[in-house]
Amino acid sequence: MSTLKTRTAVVLFPAAIALLLTAIPEQARAQNCQTGRLRIVAQDSSGAAVAGVNLRIAAESGAVLRAATDAQGVAEFDRLACGAWTLKAAKDGFHEITDSPFRVAGTSAATLDLILTSTTVRNSVEVHETTPELTQTSSPPEQLRPAEVKNLPFRPRTVADTLPLAPGVTLQENEVKIDGAGEHRAAFVVNQIDVTDPATGRFGQTIPIDSVESVAVLNSPFLAQYGNFTSGVVAVETRRGGEKWHAELNDPLPDFRWRSWHMRGIRDSTPRVLSSGPLIAQRLFFISALQYGIVKKPERTLGFPFNESKQESINSFTQLDYVVSGQQMLTGSLHFSPQHTNFVNPEYFNPQPVTPNYAQHNYVATVSDRLGVGQGTLTSTISVQRFDAGVGAQGDREMVLTPVGNRGNYFSTQRREAGRDQLVETWSPSQIERAGRHELKFGGSFTYLDNRGELTNRPINILDMTGLLLRRIEFTGGRPYRVTDSEAAAFAQDHWAIAPRLAFDFGARIVRQNISGTVRMAPRTGLSWAPFSSGRTVLRGGFGIFFDRVPLTVYTFGSLPQRIVTTYGPDGSAVGDPVTNVNVIGPGGAASPLVHSMRAPGSFAPHAGTWNIQLEQRVSSFFKLRAAFTDSRSAGLVVLEPQAVETDQLLLRGGGRSVFRQAELTGRFEWKSGQQMNLTYTRGRAQGSLNDFSGFLGNFPAPLIRQNLYSRFPADLPNRFLAWGRVNLPNGVQLLPMVEYRDGFPYARVNAVGDYVGTPFSSRFPSYLTADARILRDVMVNAKYTLRFAISGFNLTNHFNALSVHANTADPQYGIFFGNYRFRYRADFDVLF
């Protein structure tokens with residue numbers, strides 16, 4: 001077991017969290033600390049010196065220093081800024097030590113002892129005082145590291161592509177679902193900046209995976225620094241350019257479409273370029289990831305060549321890091337992601353002519369300053385974001401819905417320009433030794449949001465099997481809209497280590513969203529406890545209140561066209577007068593002591609109360625096991641309720657609710673040379689109000705508005721098993737397997753006019769099984785260039801995974817499942833230099 005020991009003035013600590021306002025005396029003492037000196041001694045398990053260990057230490061300000069141990073196993077660093085640092089140590093033949101924290105707290109020399117273990121035994125890092133000390137909070141994330149996932153068979157290109165590898169996360173109809181809920185109920189932050197679309201709350205096109213250091217998925221984060229969610233958080237940290245120039249060219253050649261052993265054009269072309277390195281040695285660092293994509297995704301429920309969705313996109317992320325001094329770092333980044341899609345999600349019941357087109361032009365520019373203040377770190381960030389989008393149709397024909405499939409053209413078109421300007425300040429002061437150790441963090445933000453645009457709709461006709469008109473929906477009114485909002489937030493949190501094996505998290509977050517007229521207080525608390533002195537067993541748990549943002553598209557509802565519904569009898573004559581549904585924004589949900597509201601229309605405050613408990617057990621040096629249970633109950637969700645029987649209104653109100661429960665069992669095997677295997681089983685339930693606003697006010701509004709019922713969510717999965725990893729084979733060959741088995745997604749049965757039949761989503765698709773694998777080998781051309789050759793196989797068992805079902809009771813084929821992606825393979829190569 002690798003250990004890291006400290007002497008004199010260097011104190012190991014967990015990642016900083018929380019705020020304590022009584023830090024003033026500590027600040028005064030911090031003024032006396034300017035720089036420190038660090039001596040690192042590397043030894044193997046027998047006590048012999050280890051030379052040539054590559055060391056990397058990084059300050060909270062972003063400053064990075066590197067060195068290697070000499071023949072005596074010693075390396076020294078002079079004039080280190082006081083405060084928090086992390087250490088990485090690596091040498092061939094020994095297990096790597098990663099992200100081990102320590103603190104420089106004085107001008108006298110300090111020594112770190114590294115004890116490295118041979119790769120025949122898996123290493124771990126233990127902080128030795130009297131017993132191993134807890135180094136994580138009560139809600140550790142599920143970490144997805146690009147180096148571990150980007151070579152898997154499905155070759156993730158963006159952050160969103162990697163997320164289904166995390167427990168509780170699935171991909172359904174090109175949308176990420178976290179805890180059974182849509183993207184608009186989750187938070188997505190890059191370097192602590194919210195980058196969701198302010199109009200819809202969706203993630204949009206996420207940054208290239210090649211520019212990412214780590215992806216953390218938090219289903220129940222009890223840290224107050226996170227806000228604007230009720231279902232989970234995706235937190236991304238980007239990479240910094242390295243000390244040496246590095247470049248990659250991935251997927252340089254297109255994939256050709258083959259049918260009956262004849263080439264039929266290009267199926268897709270997705271070249272990716274990465275370059276990084278120092279523009280000024282040890283001062284200015286550069287990294288840029290650029291992706292260009294032409295993707296023609298086939299849909300197996302339709303016949304070629306009218307079964308493809310065609311997307312063209314550019315996804316570029318560039319970052320510059322400037323080391324001003326040992327205590328200050330400036331970072332600037334730009335994410336640029338235009339995209340255009342013809343035929344969005346075609347399928348048997350909605351062939352190409354019925355599908356919409358979609359175009360977006362997004363960019364996110366961010367400047368951040370990390371400054372060492374005393375022994376703490378002050379981070380100031382400014383972000384300017386623009387999200388422009390447009391939705392069109394394939395023509396101007398009226399949309400026709402029938403039990404056996406739809407025809408005509410998509411009924412809705414829109415254009416939208418949205419933006420977010422954000423200022424974020426966070427401060428992590430020095431540790432406070434008072435009844436234990438307090439690690440503090442507090443911060444605040446101010447955000448201005450804007451959304452302007454216009455939406456128009458064309459008539460919808462509903463026919464039966466004989467072509468008889470059953471119902472006609474026309475639209476009237478509608479006008480251009482502009483909605484603005486401002487939001488102010490502040491948080492404080494404290495990670496209180498009472499003893500080396502017992503720690504608490506306390507925090508609260510207060511937010512005012514101006515457009516909703518609400519002020520929300522969200523308290524959170526958590527516990528971490530290692531009951532045994534070995535530190536192999538850790539119990540974590542917590543409870544928190546979480547408030548979600550309300551996307552600006554909700555407040556455009558009154559400006560959208562109103563529906564005029566006419567129902568027809570068997571003889572083709574109208575039954576009664578046409579009914580005009582007036583768009584009305586109603587009140588928020590039930591009163592809460594944590595919400596101050598004027599109780600006016602639109603005073604929405606969607607929130608969730610979530611508790612979680614988990615047990616972690618390191619079974620051996622190469623195997624770690626985790627068992628967890630999460631319970632989350634949401635209320636005040638914004639839902640659309642038809643009120644035609646009473647008032648002929650479509651009422652948008654805050655009366656929705658949902659429940660998510662999940663039990664999780666995860667095992668992780670790690671052994672020499674980066675080999676690993678991750679096994680996860682989850683058993684869960686996701687249910688709630690079905691008429692979430694996102695289905696009617698998002699990018700692609702649904703043509704029909706059904707009764708709002710409480711039932712299973714479309715992404716509810718009682719059972720799911722997922723396994724993925726990497727195994728090294730002889731001759732430098734790597735095998736990357738991936739297996740998923742789960743229950744089928746639920747679906748709703750409907751009648752000829754589209755209304756629910758029975759309990760919605762009480763029926764399911766057949767069980768889903770896919771076994772994929774990728775085999776790759778690197779071939780070194782010379783000292784500079786390496787070629788990576790790979791072949792991937794998908795659905796190796798050729799299991800029937802149904803893509804669609806005849807769910808309309810008036811359909812002669814009612815109840816039949818169809819569509820399937822059979823076994824297929826793909827060859828590719830990359831250039832590394």
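This tour visits a strand, a loop residue and a surface patch in a predicted model.

**Strand β13**

Begin by selecting residues 186–190, which form strand β13. Five of the five residues are buried, so the strand is largely enclosed by the rest of the structure. Turn the view to compare the side-chain directions: Ala 186, Phe 188 and Val 190 point one way, while Ala 187 and Val 189 point the other way. In a regular strand the side chains alternate between the two faces of the sheet.

Then show residues 193–194, strand β14, which runs antiparallel to β13 and is joined to β13 by two bridges. Ile 193 in β14 is found opposite Val 190. In the hairpin of these strands, two residues lie between them, and Asn 191 adopts a positive phi near 50°.

**Thr 69**

Move to Thr 69, in the loop between β4 (64–68) and β5 (74–81). Thr 69 counts as buried because its relative accessibility is 6%, under the 20% limit. Display its side chain: a polar atom there lies 2.9 Å from the backbone oxygen of Val 50, and the side chain also reaches the backbone nitrogen of Val 53 at 2.9 Å. Residues touched by Thr 69 include Ala 42, Gly 52, Leu 55 and Val 74.

**The nonpolar patch**

Finally, switch to a surface view and select the nonpolar patch, whose members include Leu 334, Phe 336, Ile 382, Val 384, Phe 446 and Tyr 448. The patch has about 880 Å² of accessible area together. Strands β23 (328–342), β25 (376–392) and β29 (437–457) each give two or more residues to it. Within β25, stop at Val 384, which is partly exposed at 32% relative accessible area.

Note on methods. Residues are numbered from 1 along each chain as its sequence is written. This is a predicted model: local features need pLDDT of at least 70, side-chain atom pairs count only at pLDDT 80 or more; totals for chains, interfaces and linings use all residues. Side-chain values use heavy atoms; hydrogens and water are left out. Patches are made of residues with over 30% relative accessible area and no salt bridge: like charges are joined within 9 Å, nonpolar side chains (Val, Leu, Ile, Met, Phe, Trp, Tyr) within 5 Å. Accessible areas come from the Shrake-Rupley method with a 1.4 Å probe; for residues, only the protein chains shown count as cover. A salt bridge is a side-chain nitrogen of Lys or Arg within 4 Å of a carboxyl oxygen of Asp or Glu. Helices (H or I, at least four residues) and strands (E, at least two) are DSSP runs, numbered from the N terminus. Buried means under 20% relative accessible area, exposed over 50%, partly exposed in between (1.4 Å probe, protein chains only). A polar contact is a pair of N or O atoms within 3.5 Å; within protein, one must be able to donate a hydrogen and the other to accept it, and residues adjacent in sequence count only if both atoms are side-chain atoms. Contact means heavy atoms within 4.5 Å. Two strands pair if DSSP finds at least two bridges between them. Lists of a residue's contacts leave out its neighbours within four places in sequence.
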